[in-house]
Amino acid sequence: MSLLNEALYGAQRSAIREFSRLAKQTPGCVSLTLGEPDFDTPMPVINTACDALHNHETHYIENNGAPGLREAIAHFEREKNGMDYGEDEVIVTAGATQALFTALFGILNPGDEVIVPTPAFVLYEQIITLCRGVFVPLDTAGAGFQLTRQALAAAITPKTKAIVLNSPNNPTGCVYTKESLDAVYDCVKGTDIFVVCDDVYRQLIYTETYHSFAEYRDLRRQLLVVQSFSKPYAMTGWRVGYLLADKSVKERLELLHQFMVVSTPAPFQRACITALGCDVTPLRETYRKRRAYVLRRLREMGLAVTEPEGAFYVFPSIAGFGLSSGEFCTRMIREAGLAATPGACFGAEGHIRLTYCYSDGELKEGLDRLERFCKKLEAGI
């Protein structure tokens with residue numbers, strides 16, 4: 001008999017964090033690894049949290065979140081995104097991570113399969129494994145990081161319980177087209193397969209044609225929508241997100257949430273209401289400019305890259321250098337003083353992920369180092 005929960009022995013530490021740690025241990029290294037906005041949380045949000053503390057709003061609140069915040073979230077999603085969730089269909093969570101864990105733990109039985117289009121954020125596989133589910137990667141690289149009916153239908157089995165959709169995607173920044181979403185719809189309509197919509201980058205998009213799978217409201221009972229305050233409002237350290245689900249499903253999932261965290265911190269509830277009223281346009285436009293600069297530099301280096309339509313990541317190919325992505329990134333830290341994340345961490349060998357939510361100066365220095373490193377590899381040095 002195992003000393004600990006057997007699922008823990010298969011869990012892996014975050015490779016993103018590992019390469020960030022290696023970068024910190026390397027003097028002078030520029031790190032473009034973590035997806036954390038370099039902006040500070042807006043002052044109105046901070047001031048509201050301070051007011052809540054001074055008003056002694058430090059006691060237990062309702063498990064699913066303060067009614068005022070849940071009402072504000074339902075209103076925001078209705079007015080901004082056209083979704084018809086009521087405040088009684090909202091669970092305020094400890095970031096999107098806990099929302100994902102609650103959603104997947106709540107629907108999976110041992111052996112249930114979860115299809116995850118890859119490249120994909122490292123978190124999904126680890127959470128699915130901890131929940132005793134089976135991670136089923138679906139490679140999208142050959143389809144321009146999009147989904148096709150044929151590929152998805154081939155991945156579905158009688159054990160398929162859910163599909164995870166992350167759009168805009170981490171690590172590629174790609175947005176699923178309407179054709180991709182229709183392919184998912186055709187495959188899950190009339191089934192009991194859940195679709196987990198990880199839409200945490202939804203407010204950071206650079207295209208006018210964005211669609212979320214959550215818009216297919218006739219599949220309402222099968223939808224689990226994950227959101228976060230971290231990325232659009234520069235609130236990564238606050239650890240607040242939310243989960244949206246049909247009331248019949250949410251009433252079961254809230255039991256798991258209750259016994260997992262009881263509730264998220266009370267003083268942050270009013271602050272998050274303030275955040276929902278903040279205009280994220282300045283942040284998005286800054287990222288748009290940085291994206292243009294990074295893409296230009298990468299293309300000048302001859303690195304193939306798909307233009308991201310959201311988030312703040314680029315995923316260039318390094319396949320031509322004859323190194324694995326892990327070898328490439330490890331050598332780049334040691335020889336060039338630049339840290340990126342290997343594509344293998346996201347289930348996509350032959351790529352690296354660079355994050356452009358860093359200052360203009362850091363991006364220029366980082367890309368200068370990348371260019372020199374690539375020239376060194378090309379010269380066989």
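**Ring pairs**

I looked up the aromatic pairs and got 16 for the structure. Keeping in mind that this is a predicted model, I picked one pair to follow.

I took phenylalanine 39 with tyrosine 287: the ring centres are 5.8 Å apart and the planes stand at 75°, so I put the pair down as edge-to-face. Phenylalanine 39 is in the loop between strand 1 (30-31) and helix 3 (43-54), while tyrosine 287 belongs to helix 11 (residues 281-300), so this pair ties together parts 248 residues apart in sequence.

Buried or exposed, I asked of tyrosine 287? Its relative accessibility is 0%, so I noted it as buried. Phenylalanine 39 came out partly exposed, at 27% relative accessible area.

Next I checked tyrosine 287 against phenylalanine 312: centres 5.2 Å apart, planes at 65°, so edge-to-face again. Phenylalanine 312 sits in the loop between helix 11 and strand 9 (313-314), 25 residues from tyrosine 287. Both of these residues are buried.

Stepping back, I found that ring pairs join Phe39, Tyr201, Tyr287, Phe312 and Tyr313 into a cluster.

**A charge over a ring**

I also looked at tyrosine 85, where the charged end of arginine 217 sits over the ring, 4.5 Å from the centre.

**Serine 228**

Last stop: I located serine 228 in strand 7 (residues 223-228). Its relative accessibility is 7%, so I logged it as buried. A polar atom of its side chain lies 2.9 Å from the backbone nitrogen of serine 230. Leaving out residues up to four places away in sequence, I listed Ala96, Val200, Val240 and Gly241 as what serine 228 touches.

Definitions and conventions:
Residues are numbered from 1 along each chain as its sequence is written. This is a predicted model: local features need pLDDT of at least 70, side-chain atom pairs count only at pLDDT 80 or more; totals for chains, interfaces and linings use all residues. Side-chain values use heavy atoms; hydrogens and water are left out. Helices (H or I, at least four residues) and strands (E, at least two) are DSSP runs, numbered from the N terminus. Buried means under 20% relative accessible area, exposed over 50%, partly exposed in between (1.4 Å probe, protein chains only). A polar contact is a pair of N or O atoms within 3.5 Å; within protein, one must be able to donate a hydrogen and the other to accept it, and residues adjacent in sequence count only if both atoms are side-chain atoms. Contact means heavy atoms within 4.5 Å. Rings of Phe, Tyr and Trp (its six-membered ring) pair if their centres lie within 6.5 Å; planes under 30 degrees apart count as stacked, over 60 as edge-to-face and the rest as tilted. A charge sits over a ring if NZ of Lys or CZ of Arg is within 6 Å of the ring centre and within 35 degrees of the ring normal.
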